[in-house]
Amino acid sequence: MPRLTTPTVDVHQSFLAAWDEFGLDSRWMGARSVVAGVPEWTREQAADPSEFAAMVAAVASEATPGTALGPDMLPQTVLWYVDGAEWLGRLSIRHQLGPAFAEVAGHITYGVRPSYRRRGYASAMLRESLPVAAALGIDPARVTCLVDNVGSRKAIEAAGGVLQDEYEGKLRYWVATGRA
């Protein structure tokens, strides 16, 4: 059964297959860490199991308090959506919204592997992430999508998203996380 989890080396081969599916849009793969001084991994580097393990460790460290982040970057918790050894997508929860993100980005961003889209995974990922966001003290969470991304819009609205407005080609929503 698919679930959100911390990044894991257990999905190495399917992660590489997903990277190939994303092609030029591979920024969603999580190969670029926000940690200061950590370079972006290439597909070729990620194919090496030890490099992949290093990438997984770097991505997982992004939420660790005290981790030095790159300029204009914010602490975030990165989760992968997996089904056994199959990598289905990624989700990031920014712990706060700084100047670089306040207007056009949100707390929660996600991407589903192209061959697994239109199966409700974006909705499930977003729904499963809300208690994590609540535990981080986020309520409500801003979630955005491109105006023409109907699937993402439906996922946000299914999670209870309330449209704030349209800004620079993006729909900006607020989603209650259920923070106590």
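Start at Thr8: leaving out residues up to four places away in sequence, Thr8 touches Phe52, Val56 and Trp80. Contact here means heavy atoms within 4.5 Å. This is a predicted model, where local features need pLDDT of at least 70, side-chain atom pairs count only at pLDDT 80 or more, and totals for chains, interfaces and linings use all residues. Residues are numbered from 1 along each chain as its sequence is written, and side-chain values use heavy atoms, with hydrogens and water left out.

**Stop 1: around Thr8**

Stay on Thr8. Its loop runs between strand 1 (3-5) and helix 1 (12-22). Helices (H or I, at least four residues) and strands (E, at least two) are DSSP runs, numbered from the N terminus. Thr8 counts as buried because its relative accessibility is 19%. Buried means under 20% relative accessible area, exposed over 50%, and partly exposed in between (1.4 Å probe, protein chains only). Now select Asp10. Its backbone nitrogen lies 3.1 Å from a polar atom of the Thr8 side chain.

**Stop 2: the whole chain**

Zoom out. The chain has five helices and seven strands. From the N terminus, the order is β-α-α-α-β-β-β-α-β-α-β-β. Of the 180 residues, 47% are buried. Colour by pLDDT, the predictor's confidence in each residue, from 0 to 100. The chain averages 87, and 85% of the residues score at least 70. Confidence is highest in helix 4, at 96, and lowest in helix 2 (residues 43-47), at a mean of 86.

**Stop 3: Ser92**

Select strand 3 (residues 86-94) and find Ser92 in it. Is Ser92 buried or exposed? At 2% relative accessibility, Ser92 counts as buried. Its side chain makes a polar contact of 3.0 Å with the side chain of Arg90. A polar contact is a pair of N or O atoms within 3.5 Å; within protein, one must be able to donate a hydrogen and the other to accept it, and residues adjacent in sequence count only if both atoms are side-chain atoms. Setting aside neighbours within four places in sequence, Ser92 is in contact with Gln76, Thr77, Val78, His107, Ile108 and Thr109.

**Stop 4: the cores**

Next, select Leu91, Ile108, Tyr110, Leu126 and Ile156. These have the most contacts inside the largest nonpolar core, which has 27 residues. A nonpolar core is a set of buried Ala, Val, Leu, Ile, Met, Phe, Trp, Tyr and Cys residues joined through side-chain atoms within 4.5 Å. At least two residues of this core come from each of strand 2 (76-83), strand 3, strand 4, helix 4, strand 5, helix 5 and strand 7. Helix 4 gives the largest share, seven residues. Apart from this core lies another, of 17 residues, including Phe22, Ala46, Phe52 and Val56.

**Stop 5: helix 5**

Finish at helix 5 (residues 150-158). Its buried residues are Ser152, Ala155 and Ile156. They cover an arc of only 95° around the axis, so they sit on the same side of helix 5. That arc is taken from the directions from the helix axis to the C-beta atoms. Which elements cover these buried residues? The cover includes strand 4 (108-112), helix 4 (121-135), strand 5 (141-146) and strand 7 (170-175).
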